[in-house]
Amino acid sequence: MSGGRAARSAEKRLRRLLVVLPWLMERGAASVAETAQRFDISESDLVRDLELASMCGLPPYVDELIDLFIDDDGTIVVGVPRLFLRPLRLTEEEAFELLAAGRAAMQLPGADPDGALNRGLRKLAVGLGEDDTGVLVVSPNPSEVTRLAEAAREGLEVAVVYRSRTRDEATERVLSPFLTFQDHGNWYVMAHDSLSDEVRAFRVDRIESMEVGGASGHVPPEGIDVPNTWFADADIARVDLRLGPAGRWVVERYPVDEVSEPDGDGWISARLAVTGEAWLARLLLRLGDQVEVVGPESMRSVGREAARRLLAVYGET
Amino acid sequence: MADRVERLTNLLALLLETREPLTLDVIAAELGGQYPDGHDARRASFERDKAALRDIGIEISSETLTGDRAGQMGYWVVRNEMEIPDLGLDEEELRALQLALAATRPGSETGREAMWKLGGGPDDGQVFVAMSVPTAEVLPVLRGALGDRRAVSFSYAGVDRVVEPWGILLRDGFWYLVGHDRSRGDRRTFRVDRIGEGRVTVLDDAVVVPSDFDIRSALPADPMMLGADQHSVRSARVSIGRQRAFSAVRELGHDRVLARNEDGSVEVAVPFANLDALVSWVLGFLEHAVVLEPDDVRDEVVRRLRAVAS
């Protein structure tokens, strides 16, 4: 990962230098290539910043300088370790990032309460003087997820009956799972799908049955990532709603683009992402008289029509 | 002019090694020409450097001096406050933290820098099970206040609030702050990503978290059981259509199934304490769920539907 990067700010260079220097001082020597790779910096940037550092210290006293040089075969050699012997403290942001990641990972299937992660988190809490008992991550873990994760780890294929919500039909497919992940409370499996011959994400709660089979023969494509902007997708339709005081929970529960301040009667206006007409119909029925669809026009009748269909099911008109 | 990184490094070395607070004049003299000569320009450069060091987590201590330098500011850096203490993490624990980051905050620059400080190596483990964990600018500050037991103030839904933080919760992809809202005199839950403009002020007021508060129950797992006690729980018989039978049974448990019909639909017993929440749950199935009994529940569903249909 080198070349093509933008000019680095002085803060960023110094921040990197202050993790590289203690690491070098502890080891005494390391190759330029290894150091550059480990700290994700180009070799030329690394050499430039280390040469600069080797002239830093307390002028004019020569024996107070940062004592290192780079020899002809690309080895960084530290003389007397001094000045920057230990990395900086974790910032609040960094401490939270580790804690949140650790807490969340402890909720994933297969996490061991006596395992290395929990031990590491405890040491972090003690060493940093952090009281983290008030932070909690809640995650539902259906047993299917554990089995799919194991299949991904072992490279096995899984025969499933999957019910698609949009077309409302059950299909038989053979999935080669690469990754199971949870997003906004729902579990998905990213897998190669025999029916479409594509890599797709499937909702785990729509898998009606599954049977783990033999080796899959499909390798994970490059760059499979956990999508963390599921709803930020600009292609998803939006609806403008007016929400009464008892319906304001909606903006707490679902991603919204905009929310107004409450008017005199406590009603607010909000713009929400609509993931499907059925989703909107459910929301409108549940809200009852606490919601009004402002627009677009095509969505104004969704609630009314759903209610009429349902009344017919109850034998009422 | 010297490279700014060089000046910052020299400044930091000087402030770390000094045995007494240094005035800006002394600092400029020690660094021999790396700061501008003019008084105002020198002060401005120094303030920029202080801010840059603070940004990477180094706090410069200062105090007003006395004696022959009375009235001048003296500056220094405390090494113990700057450096990370030895946390005693072994290789296995470091790898586990690294994997946790890869599974929940992939590509996080902040997480990677944190791992470097802890001594973690390159990220090479493969992840098979993952969870998207959102981030919000104000989370670290809120957690700091929670740990220090301090009240916070922020703007939420257009209203300024003073809140005593009791806990922080991640559920279904959203972070929540639970605490006592002084402005309302009651317990409230706030979605962290909707706290106004990224500005949270930590107040000096100390907070006492009630000893019986349990963050696990801050958001009830099952809204249908809101307000439940042993006398108030009732049961509704609901028919669920073939297309949704599978997921409904999964949610309720097999022991709630009263009957399985040939067309694939099921009849289930749904315990509830909160009528509104039950009706809301049933309506969530659209035409795939019908309340069979008791009558008052069925009537309430129909009443709600009529209101929407008209």
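Start by colouring chain B by domain: domain 1 covers 4-82, domain 2 88-133, domain 3 139-217 and domain 4 223-309, with bounds from an automatic or database domain assignment. Over C-alpha atoms, the centres of domain 1 and domain 3 of chain B are 37 Å apart.

A quick note before going on: this is a predicted model, where local features need pLDDT of at least 70, side-chain atom pairs count only at pLDDT 80 or more, and totals for chains, interfaces and linings use all residues. Residues are numbered from 1 along each chain as its sequence is written, while chains are lettered from A and ligands numbered from 1 in the order in which they are written.

Next, select helix 8 of chain B, residues 242-252 (helices are DSSP runs of H or I, at least four residues; strands are E, at least two; both are numbered from the N terminus). B:Arg244, B:Ala245, B:Phe246 and B:Ala248 are buried here (20 or more other C-beta atoms within 10 Å of a residue's own, C-beta atoms being placed from the backbone). Their cover includes strand 9 (207-215) of chain A, plus strand 9 (234-240), strand 11 (266-272) and strand 12 (289-293) of chain B. Step just past helix 8 to B:Gly253, whose phi is positive, about 105°.

Now show both sides of the contact: 89 residues from chain B and 92 from chain A (C-beta atoms, placed from the backbone, within 7 Å). On the chain B side, helix 1 (residues 4-17) gives the most, with 10 residues.

Last stop: strand 6 (residues 169-183) of chain A runs parallel to strand 3 (residues 129-131) of chain B, joined by 3 bridges (pairing takes at least two DSSP bridges). Pick A:Gln182 and you'll find its bridge partner, B:Met131.

Key. A residue is buried if 20 or more other C-beta atoms lie within 10 Å of its own, exposed if 12 or fewer, and partly exposed in between; C-beta atoms are placed from the backbone. Two residues are in contact if their C-beta atoms, placed from the backbone, lie within 7 Å.
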